[in-house]
Amino acid sequence: MKAAELTRQLETYKDFDIEARVHLEVMEEELQKRTYKFPHDTYNAKLRVDDIGYSDKVILIGV
């Protein structure tokens with residue numbers, strides 16, 4: 001995704017807060033033990049930008 005594309009997508013949502021969710025894959029053996037077979041655990045994450053770096057036209061946002 002290009003930064004300009006992300007900017008265009010977020011432009012109409014200037015006043016919104018940004019939340020992040022992390023989806024971690026559940027190993028097959030753990031999944032078999034569960035009654036609900038959703039293959040990912042989901043966690044709400046606190047989004048705080050630690051660093052914005054760039055190299056070779058790629059922006060890395062460290063959170």
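**Close-up views of a predicted model**

**View 1. Arg-34 and Asp-41 are joined by a salt bridge.** The side chains of these two residues meet at 2.7 Å, N to O; a salt bridge is a side-chain nitrogen of Lys or Arg within 4 Å of a carboxyl oxygen of Asp or Glu. This is a predicted model, in which local features need pLDDT of at least 70 and side-chain atom pairs count only at pLDDT 80 or more, while totals for chains, interfaces and linings use all residues. Residues are numbered from 1 along each chain as its sequence is written, and side-chain values use heavy atoms, with hydrogens and water left out. Arg-34 also forms a salt bridge with Glu-30, where the closest N and O atoms are 3.4 Å apart. Asp-41 counts as partly exposed because its relative accessibility is 23%; buried means under 20% relative accessible area, exposed over 50%, and partly exposed in between (1.4 Å probe, protein chains only). Arg-34, at 25%, is partly exposed, and Glu-30 is partly exposed at 32%.

**View 2. Glu-19 and Arg-21 form another salt bridge.** Their side chains come to 3.8 Å, N to O. Both Glu-19 and Arg-21 are exposed. In total, the structure holds four salt bridges.

**View 3. Tyr-13 and Phe-16 form an aromatic pair.** There are two aromatic pairs in the model; rings of Phe, Tyr and Trp (its six-membered ring) pair if their centres lie within 6.5 Å, and planes under 30 degrees apart count as stacked, over 60 as edge-to-face and the rest as tilted. The pair of Tyr-13 and Phe-16 is edge-to-face, with 5.1 Å centre to centre and 85° between the planes. Tyr-13 is partly exposed, with a relative accessible area of 45%, whereas Phe-16 counts as exposed at 55%.

**View 4. Tyr-36 and Phe-38 form a stacked aromatic pair.** The ring centres are 6.4 Å apart and the planes are at 25°. Tyr-36 is exposed, with a relative accessible area of 63%. Phe-38 is partly exposed at 38% relative accessibility.

**View 5. A nonpolar patch lies on the surface.** Met-1, Leu-6, Leu-10, Tyr-13, Phe-16, Ile-18 and Leu-47 make up this patch, and together they have about 750 Å² of accessible area. Patches are made of residues with over 30% relative accessible area and no salt bridge, like charges being joined within 9 Å and nonpolar side chains (Val, Leu, Ile, Met, Phe, Trp, Tyr) within 5 Å. Accessible areas come from the Shrake-Rupley method with a 1.4 Å probe, and for residues only the protein chains shown count as cover. Ile-18 sits in the loop between helix H1 (3-11) and strand S1 (20-25); helices (H or I, at least four residues) and strands (E, at least two) are DSSP runs, numbered from the N terminus. With 58% relative accessibility, Ile-18 counts as exposed.

**View 6. The setting of these views is a protein with two helices and four strands.** From the N terminus on, the elements run α-β-α-β-β-β. The radius of gyration is 17 Å, well over the 11 Å that the globule rule gives for 63 residues, so the protein is more spread out than a compact globule. That radius is taken over C-alpha atoms, and the globule rule is 2.2 Å times the number of residues to the power 0.38. Along its principal axes the C-alpha trace spans about 45 × 30 × 20 Å. Buried residues make up 3% of the 63 residues.
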